[in-house]
Amino acid sequence: MRASGARVSPTVVVAGAATFGALASMLTIVLGPALQPSFPILLYLKFDFAEVVDVIAFLVFGPVAGLLTAIVHGGILAAAPGGTGGFGASLKFLAVLTTYAGISLASRLGKQTLRRAGVSMVAFSVVTRVLLMTVVNYLFIIFFAKVLFNQDYLAFAQFLLTSAGINLSGSQLVTYVLGLTALFNAIHAVFTVTLSLVIVGALLRRAPQLLESRAWFANYLKQSPE
């Protein structure tokens with residue numbers, strides 16, 4: 001069965017984005033420790049299940065809803081008690097956007113089977129998130145962390161590395177931190193996009209009357225999953 005290309009109304013898009021964004025932020029704030037295992041060594045890097053909610057909103061409602069969801073998610077994290085503050089929220093927002101970028105690029109390949117579409121979206125998301133977030137993290141380490149957020153990002157990273165028996169400084173320290181963070185982002189992109197696709201694929205199978213003709217993702221499938 002092919003998607004008919006029907007569009008979701010703007011009201012549904014906005015309502016869906018607000019709901020998904022609020023849900024994502026609440027998962028981070030309320031259930032954060034349980035749903036955010038730390039990356040080895042650089043323990044401030046957290047695998048965040050809440051990003052799956054952002055990506056599901058993108059896959060179901062489309063890029064505009066995905067962007068609005070990420071804005072709501074980041075805004076609540078920045079402002080709400082127990083959130084990550086402006087520093088963490090801004091990095092979270094940019095990480096989600098760079099993941100979206102890979103999904104959008106993969107969608108330009110045309111209609112594919114669910115499996116092929118999933119593989120291409122995961123692969124493109126890894127590339128865009130790693131490349132773009134490496135640039136973002138470099139700027140945060142060198143400039144934005146201190147100037148905008150009054151945080152010494154690199155000093156804390158150096159402390160964690162030293163605690164793990166890795167003694168580095170200067171450009172070597174920056175390179176090592178960026179390399180570990182790039183590895184984290186690659187793993188996170190695979191986890192986030194794969195789990196989101198599994199959930200949306202299950203919805204397409206179990207509720208085709210609700211999603212097949214309306215979900216943004218369904219427009220890029222040759223046929224609905226059997």
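**View 1. I41 is partly exposed, at a relative accessible area of 30%.** Here "partly exposed" sits between buried (under 20% relative accessible area) and exposed (over 50%), using a 1.4 Å probe and protein chains only. This is a predicted model, in which local features need pLDDT of at least 70, side-chain atom pairs count only at pLDDT 80 or more, and totals for chains, interfaces and linings use all residues. Residues are numbered from 1 along each chain as its sequence is written, and side-chain values use heavy atoms, with hydrogens and water left out. I41 is found in the loop between α1 (10-35) and α2 (50-61); helices are DSSP runs (H or I, at least four residues) numbered from the N terminus. Its phi is near 75 degrees, a positive value in a residue other than glycine.

**View 2. D48 and K92 form a salt bridge, with their closest N and O atoms 3.1 Å apart.** The pair links distant parts of the chain, 44 residues apart: D48 is in the loop between α1 and α2, and K92 is in helix α4 (residues 85-107). A salt bridge means a side-chain nitrogen of Lys or Arg within 4 Å of a carboxyl oxygen of Asp or Glu. Both partners, D48 and K92, are buried.

**View 3. K92 also meets E51 in a salt bridge (2.8 Å, N to O).** K92 lies in helix α4 and E51 in helix α2, so this pair ties together parts 41 residues apart in sequence. K92 counts as buried at 14% relative accessibility, and E51 at 2%.

**View 4. R129 and E51 form a salt bridge, their closest N and O atoms being 2.8 Å apart.** Since R129 lies in helix α5 (residues 114-149) and E51 in helix α2, the pair ties together parts 78 residues apart in sequence. D48, E51, K92 and R129 are linked in a network of salt bridges.

Note on methods:
Helices (H or I, at least four residues) and strands (E, at least two) are DSSP runs, numbered from the N terminus.
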